[in-house]
Amino acid sequence: MLEMDWSDSWRRAFRVELRAQAIGLAWRGWPVLPGSYPAGSQWAGREGEEHTGPCPVHPDWQDRIGTEPEQVATWWTGRPYSLLLATGVQLDAIEVPGHLGRGAARVLRSIGLPVPIMATPDDRWTFLVNAGHELVRPLAEHGDVILHAAGSYVPLPPTPLQHGVVHWRVRPEVNGWQMPESSTVQDALVDALTAGASHARSGLVTAD
């Protein structure tokens, strides 16, 4: 994948959009935080440069959870910081590979229940859910499913990455900003996981 060319003009445009999104989400009570941002092949915005992706720019970021929107607005006045959501406070996030996310989204659509879903350029899907539930065993034992809960965070749209931006697959507005219960999304993910395994077995039988 080619790296994005984050010129100064692009950075300015994204800073304005990121700041607007951060303020709007803070007013809704979402615990948003500024994160490091791509600078060539590295990450800038925190002491030194991070190499593995966006992370909070403040070492004491957990103490800043719940900051008032007026103060949140000042965090994005100078740099195009990533927009991060601190999980485990109001919301958790379930991160899955794209094929599993697409399967779960189909299950949820089939029962008329759209839920907020984000995706990254490298095909990782993240479902936002109400906080407080651990992963059920089939998901916990799946090596590519990650629960972001207390002490963690996830990037929100339109956070820039080195190969593109985080984007919504399903916006929160679609379901009136009502977050689903974790069990609802986990049930859909398990259904998708089971269906994928069934298709894989069928393919092996057909091949024989």
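This is a predicted model: local features need pLDDT of at least 70, side-chain atom pairs count only at pLDDT 80 or more; totals for chains, interfaces and linings use all residues.
User: Why is the Trp30 and Trp177 pair called edge-to-face?

Analyst: Rings of Phe, Tyr and Trp (its six-membered ring) pair if their centres lie within 6.5 Å; planes under 30 degrees apart are stacked, over 60 edge-to-face, the rest tilted. By this rule there are four aromatic pairs. For Trp30 and Trp177 the ring centres are 5.6 Å apart and the planes stand at 75°, so the pair is edge-to-face.

User: What makes this pair a link between distant parts of the chain?

Analyst: Trp30 lies in the loop between helix H1 (8-27) and strand S1 (32-35). Trp177 lies in the loop between strand S12 (167-170) and helix H5 (182-207). The two are 147 residues apart. Helices (H or I, at least four residues) and strands (E, at least two) are DSSP runs, numbered from the N terminus.

User: How do you know whether Trp30 is buried or exposed?

Analyst: Buried means under 20% relative accessible area, exposed over 50%, and partly exposed in between (1.4 Å probe, protein chains only). Trp30 has 5%, so Trp30 is buried. Trp177 has 23% and therefore counts as partly exposed.

User: What sits over the ring of Trp177?

Analyst: The charged end of Arg28 does, 4.0 Å from the ring centre. The rule asks for NZ of Lys or CZ of Arg within 6 Å of the ring centre and within 35 degrees of the ring normal.

User: Which residues does Trp30 touch?

Analyst: Contact means heavy atoms within 4.5 Å. Not counting residues up to four places away in sequence, Trp30 touches Leu25, Leu85, Gln90, Leu91, Leu128, Leu156, Pro172, Trp177 and Met179.

User: What makes a nonpolar core, and which residues have the most contacts inside the largest one?

Analyst: A nonpolar core is a set of buried Ala, Val, Leu, Ile, Met, Phe, Trp, Tyr and Cys residues joined through side-chain atoms within 4.5 Å. The largest has 31 residues, and Trp30, Val32, Trp76, Leu83, Leu128 and Leu156 have the most contacts inside it. Its largest share, five residues, comes from H1. Apart from this core lies another, of 20 residues, including Leu108, Val115, Ile117 and Leu135.

User: How do you know that the span of helix H3 is close to the expected one?

Analyst: The expected span is 1.5 Å times one less than the number of residues. H3 (residues 98-110) has 13 residues and reaches 18 Å from first C-alpha to last, close to the 18 Å expected. Its buried residues are Gly98, Leu100, Gly101, Gly103, Ala104, Ala105 and Leu108. Gly112 follows H3, with a positive phi near 70°.

User: Why is His58 called buried?

Analyst: Its relative accessible area is 18%, so His58 falls on the buried side. His58 is in the loop between strand S3 (42-44) and helix H2 (69-75). Leaving aside neighbours within four places in sequence, His58 contacts Pro34, Arg64 and Trp75.

User: Why is Val174 called exposed?

Analyst: Val174 has a relative accessible area of 53%, so the label is exposed. Val174 is in the loop between S12 and H5. Its C-alpha atom is separated by 7.1 Å from that of Pro114, 60 residues apart along the chain.

User: What makes Asp60 and Arg64 a salt bridge?

Analyst: Side chains of opposite charge can pair when their charged atoms come close. The rule requires a side-chain nitrogen of Lys or Arg within 4 Å of a carboxyl oxygen of Asp or Glu. In Asp60 and Arg64 the closest N and O atoms are 2.8 Å apart, and the two form a salt bridge. Asp60 is partly exposed at 33%, and Arg64 is partly exposed at 26%.

User: How many salt bridges are found in the whole structure?

Analyst: Five. One of them joins Arg102 and Asp123, at 3.1 Å, N to O. Arg102 is in helix H3, and Asp123 is in the loop between strand S6 (117-119) and strand S7 (124-130), 21 residues apart. Glu141 and Arg137 meet at 3.9 Å. Glu141 counts as exposed at 61%, and Arg137 counts as exposed at 64%. Salt bridges that share partners join Glu95, Arg124 and Asp144 into one network.

Methods. Residues are numbered from 1 along each chain as its sequence is written. Side-chain values use heavy atoms; hydrogens and water are left out.
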